[in-house]
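User: Hi! I'm new to reading protein structures, and I'd like to go through this one with you.

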Amino acid sequence: MTDEQYLTIALPKGKLFGLSADLLKKIGITAEGLSEKSRKLVITNEDLKIKFIITKTADVPTYVEYGAADIGIIGKDVIEESGKDIYELLDMGFGKCRLMMAVPKDKKRACLADYSHTRVATKFPHTAEKFFVSRGMQMEYIKLNGSIELGPIVGLSESIVDIVETGTTLRENNLEEIVTISEATARLIANRVSYKLKFERINKLVEDLKKEL
């Protein structure tokens, strides 16, 4: 577990970092040099007894579940895919996006079930499988970490399941959204033990954030 004197906060690199850091700063939760570009992976504010861990997006739920961080901010899509045992404390409202299935426009089929028994490229195989199984569909899942849109273009897969915000990347690659699987925003999450041991501190932070949202 983390040092009981400190409140350790995991923040994800990428689009959510700046939004999260700015919001925390509004309620007085910050540290000198807190920047996504920082070479330091742990940044501490000794006066406030706060530590920030800057990590890859997909790793935030893991740091929180195992207690390396007391709390963290991460997208609902990442929480769902990780399956980690954490408390979800607050919907932050920003970082809105949706998880959807898309296919090349010229390979579009009549209905969703027609894609059964085809290959789907995705960063979210667990969430995708849960969705397709609920529709009675068997799929082959290809886990990718980079540009998911490349899958159908080079013949690796017939479709993709990925996060989309504006749809610009889909259009640029002649892909069309077939179905929305889920919608997501950033969430404040907590380690179950930390939430009990540091309840007053974490609860105050939650209440302060609510006033800013």
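Predicted model: local features only at pLDDT ≥ 70, side-chain atom pairs only at ≥ 80, totals over all residues.

User: Are the residues of β1 buried or exposed?

Analyst: Let's take the two faces in turn. Leu7, Ile9 and Leu11 point one way, while Thr8, Ala10 and Pro12 point the other way. Six of the six residues have under 20% relative accessible area, so β1 is largely enclosed by the rest of the structure. Whichever way they point, they are buried.

User: How far apart are the end C-alpha atoms of α8?

Analyst: Helix α8 has 14 residues, 199–212. At 1.5 Å a residue it should span 20 Å, and the model agrees with that: the end C-alpha atoms are apart by 20 Å.

User: Which residues are exposed on the other side of α8?

Analyst: Start with the buried ones: Ile202, Leu205, Val206, Asp208 and Leu209. They cover an arc of only 165° around the axis, which puts them on the same side of α8. What covers them includes β1, β4 and α7. Over on the other side, the exposed residues are Glu200, Lys204 and Lys211.

How values were computed. Residues numbered from 1 in each chain as written. Heavy atoms only, no water. Buried < 20%, exposed > 50% of the residue type's maximum accessible area, 1.4 Å probe, protein only. Helix = DSSP H or I, 4+ residues; strand = E, 2+ residues; numbered from the N terminus. Expected span 1.5 Å × (residues − 1). Arc of directions from axis to C-beta. Contact = heavy atoms within 4.5 Å.
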